[in-house]
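Subject: Handover of a structure and its findings

Dear colleague,

Please find below the structure that I am handing over to you. My findings follow directly after it.

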Amino acid sequence: MKKLIISAFAAFAVTGAGAQNSDATLNSVTETYTLNADGSIDYDYFKSLTYNTQFAFNSLFGETFIVNNPDFQKLKINECYTIQKDGTRIDAPDNAFNEVLPSSVANSAAYNGLREMVVTHTGLETGATATLSYSIKGLPGGTPVLDIDRIIPMQGANIKEYKIVVNLPDGDKKLRWSLEGGKVSPVVKGNTYTWTFRNIPAASGDQYSPVNHTGTLRLTATTSGSLDENLSPMTIETRDIFRLPGVVTDTMSVASKIAAVQKFMRSRVATGGVTPDLTGYSLRQCADVVGSAYGTPAEKAAAMAKILRCEGVNAQTVVVFPKEIEVKNVPSISRYLVMADGKLYDPNGTGEYNAGLRADRDVIYDLGGNEVAVAPAAVKVDCSAEIALSVDSVSVIRNNCTVTGLDGDCRINAGTVAKRAPYQVYTIADPAKGVDSWGMQSLASSRKNAFEVPYAIDENCVYTIKLNGVSSFTKDKTEKIENAAGSVELKVTNNGDSVTIARHIILKKSIYSPAEYAAVRALLLKWKSPAFRSIIVK
């Protein structure tokens with residue numbers, strides 16, 4: 001049976017605007033979820049938004065997008081109009097409402113029944129206020145459970161008032177909920193829960209913000225009694241036996257079978273953007289996923305696990321949640337993985353999934369609601385290299401790099417030489433693993449959101465540059481910074497016929513609050529300093 005729950009939002013684009021200078025102001029937003037006695041779910045949405053800049057209506061909030069399934073839901077636009085700055089009211093004309101196929105299902109015939117109503121707000125100008133109200137009426141059996149996962153701050157718009165209302169039917173149905181990044185509790189009147197958030201600044205859009213939205217106001221709620229109940233729609237086993245097409249696996253080892261199936265899923269089955277709330281948590285058969293060459297993240301994980309089981313490998317789907325979320329539900333799943341032969345794999349990845357790198361931020365559960373234990377990966381990079389530098393060449397004599405906590409090899413290349421007559425400037429090469437591989441090119445002077453690096457790290461690199469027919473004109477120097485975020489120690493030392501560049505950085509954790517940002521930024525800026533990456537010779 002097909003199922004569907006609601007997904008309807010305005011499109012939000014990235015901007016760094018804050019509450020005082022944001023491109024738009026959401027004067028009022030109300031989302032109302034009503035669980036009826038017959039199991040159907042109704043959704044009502046209202047917003048009033050004022051445009052503060054031309055960018056707001058040209059690029060950010062000129063349209064609203066409402067995704068729904070007309071087979072199981074009925075969309076009704078209640079009102080849509082704009083009050084211009086001089087008080088003129090402009091009602092949206094009929095051609096302001098255009099139904100299209102959602103872009104996330106463009107390559108999937110199985111989901112081409114979904115529809116997206118594009119609402120174009122008319123009469124927009126700086127100072128204008130657009131109002132939109134719509135309802136989506138659900139049918140019984142269309143949704144397995146009422147789930148909410150809402151991140152409140154919006155990029156590009158500060159919020160004066162945001163309400164989330166949940167109405168439950170009479171009976172023993174309860175609402176489990178948790179709120180991260182805030183302390184707002186619902187007002188409960190009978191079977192109605194109402195959260196009211198006020199004066200929320202626009203999301204900052206800071207680079208390197210936590211992918212799990214750590215520290216951000218986020219409400220999750222569910223009418224399921226437990227996590228295993230919430231995940232149960234994804235546990236339905238298909239009875240068909242499905243073998244990997246075109247591959248003879250009978251003589252393969254378990255590791256080779258896993259690699260072959262993972263490669264097939266990665267290269268032969270596209271990953272679609274249809275989220276579980278648009279499928280009612282139901283999954284298509286493995287053969288349908290492979291035959292259509294398209295699957296949602298949940299379907300690809302389920303199909304990969306199914307194929308592996310048909311190959312005799314013990315495999316199952318597991319799901320990843322942000323660790324800080326107390327009440328977890330399907331919409332808050334951040335990643336779908338496959339646990340095969342006791343190891344974790346991403347259907348879109350290569351090799352094992354290194355869950356230990358994010359063990360401080362993520363938690364993994366199987367579909368029975370049981371936590372999968374993951375040991376944190378302590379990342380340590382220890383590299384030493386000898387470089388031969390002459391008038392007309394540079395080469396690696398010895399390269400010795402060891403890495404713990406990370407997959408793959410690490411090595412140091414020869415580096416580069418630039419001629420600046422009558423001198424030469426030799427610049428070391430970054431190791432293949434470590435802080436430089438993160439590519440953090442720009443670090444703002446301050447932040448409003450938490451700052452995330454890929455993982456905590458202890459990286460130590462020593463370069464010994466042998467001088468063959470050239471002399472060093474670089475002075476000895478040492479700099480060291482140690483603070484609450486970690487430490488950096490950099491040295492350049494002349495040793496007669498060689499120069500040593502020693503670089504050591506320790507970052508104690510992966511996520512830093514805005515108050516801690518200055519400390520970690522100081523370490524990273526010093527680490528990036530070109531003064532301890534080059535020497536001058538002649």
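Eight strands make up an open sheet of mixed pairing, in the order β6-β5-β9-β3-β2-β11-β14-β13. Strands here are DSSP runs of E with at least two residues, helices are runs of H or I with at least four, and both are numbered from the N terminus. Two strands pair if DSSP finds at least two bridges between them. From one strand to the next, the twist averages 15°; axes are lines fitted to C-alpha atoms, for helices over the stretch in contact, and angles run from 0 to 180 degrees between N-to-C directions. Within this sheet, β3 (residues 41-51) and β9 (residues 129-138) run antiparallel and are joined by 8 bridges. Leu49 has Ala130 of β9 as its bridge partner.

The model is predicted: local features need pLDDT of at least 70, side-chain atom pairs count only at pLDDT 80 or more, and totals for chains, interfaces and linings use all residues. Residues are numbered from 1 along each chain as its sequence is written, and side-chain values use heavy atoms, with hydrogens and water left out.

For the chain as a whole, the secondary structure comes to 6 helices and 33 strands. The C-alpha trace spans about 85 × 70 × 40 Å along its principal axes. Of the 538 residues, 50% count as buried, where buried means under 20% relative accessible area, exposed over 50%, and partly exposed in between (1.4 Å probe, protein chains only). Of the contacts with a separation of 6 or more, 71% are between residues 24 or more positions apart; contact means heavy atoms within 4.5 Å.

A second open sheet and the helices around it

An open sheet of 5 strands has antiparallel pairing and the order β20-β19-β18-β21-β22. Its edge strands, each pairing on one side only, are β20 (343-345) and β22 (371-372). Strands β18 (residues 315-322) and β19 (residues 335-340) pair in the antiparallel sense over 6 bridges, and Val318 has Leu337 of β19 as its bridge partner. Helix α5 packs on this sheet and touches β18, β19 and β20, its direction making about 10° with that of β19.

Helix α5 has 14 residues and reaches 20 Å from its first C-alpha to its last, close to the 20 Å expected at 1.5 Å a residue; the expected span is 1.5 Å times one less than the number of residues. Because 11 of its 14 residues are buried, α5 is largely enclosed by the rest of the structure. Among these buried residues are Glu299, Lys300, Lys306 and Cys310. Just after α5, Gly312 takes a positive phi of about 85°.

Helix α3 (residues 254-268) packs with α5 (residues 297-310) at an angle of about 145°, and their axes are 10 Å apart. The contact involves Lys257, Ile258, Val261, Gln262, Met265 and Arg266 of α3, and Lys300, Ala303, Met304, Ile307 and Leu308 of α5. These residues divide into 7 nonpolar, 1 polar and 3 charged; Ala, Val, Leu, Ile, Met, Phe, Trp, Tyr, Cys and Pro count as nonpolar, Asp, Glu, Lys and Arg as charged, and the others, Gly among them, as polar.

The end C-alpha atoms of α3 are 21 Å apart, which agrees with the 21 Å that its 15 residues should span at 1.5 Å a residue. The buried residues of α3 include Ala260 and Phe264, and the buried residues of this helix pack against α4 (286-292), α5, β19 and β20.

A hairpin and some backbone details

Strands β29 and β30 form a hairpin with 2 residues between them. They run antiparallel, and 7 bridges join β29 (residues 477-483) to β30 (residues 486-494). The bridge partner of Lys477 in β30 is Val492.

Ala421 and Pro422 are joined by a cis peptide bond with omega of about 5°. Pro422 lies in the loop between β25 (416-420) and β26 (423-427).

Two residues have a positive phi although neither is a glycine: Asn199, at about 55°, and Tyr208, at about 60°. Asn199 lies in strand β14 (residues 192-200) and counts as exposed, at 62% relative accessibility. Tyr208 lies in the loop between β14 and β15 (218-222) and is partly exposed, with a relative accessible area of 23%.

Yours sincerely
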